[in-house]
Amino acid sequence: MLRKRGRLVIGGLGSTPVCELDLKSLVRGANTIVGVRGRSPDAVTRSIELLADGRSGLEIVPSVDVDLDQVDNMLGRMATGQRPVSPHVVIRPQLRRPTDQKRGSLS
């Protein structure tokens, strides 16, 4: 069940049969459905290897790190036009640093 104005992200379907959706609830809730494309298992494995080895080059990309407790706040702020200082937001479940130690700023 989605909250009002929630977003349903559907991905990785391949040849999966279409599922039934309660369109009436989706419309009344002003919800959004978004489809995302997946990648081959080999591409995912290679990406994980690059990230694990630290060879991705992503460390030079400016980003804002948020922990899981900050995701709802960040999404709410973004929905109202309050963008973070970087267009790249990284969700780091293990992050538990005080706000003043973050790589980027939420404002």
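Four salt bridges turn up in a search of the whole structure, a salt bridge being a side-chain nitrogen of Lys or Arg within 4 Å of a carboxyl oxygen of Asp or Glu. The model is a predicted one, in which local features need pLDDT of at least 70 and side-chain atom pairs count only at pLDDT 80 or more, while totals for chains, interfaces and linings use all residues. Residues are numbered from 1 along each chain as its sequence is written, and side-chain values use heavy atoms, with hydrogens and water left out.

Three of these pairs, among the four found, are listed here.

| aspartate 72 | arginine 3 | 3.3 Å |

In the salt bridge between aspartate 72 and arginine 3, aspartate 72 belongs to helix α3 (residues 68-79) and arginine 3 to the segment before β1 (7-11), so the pair ties together parts that are 69 residues apart in sequence. Helices (H or I, at least four residues) and strands (E, at least two) are DSSP runs, numbered from the N terminus.

Aspartate 65 is buried at 2% relative accessible area, whereas arginine 92 is partly exposed at 26%; buried means under 20%, exposed over 50%, and partly exposed in between (1.4 Å probe, protein chains only).

Overall, the chain has three helices and four strands, running β-α-β-α-β-α-β from the N terminus.
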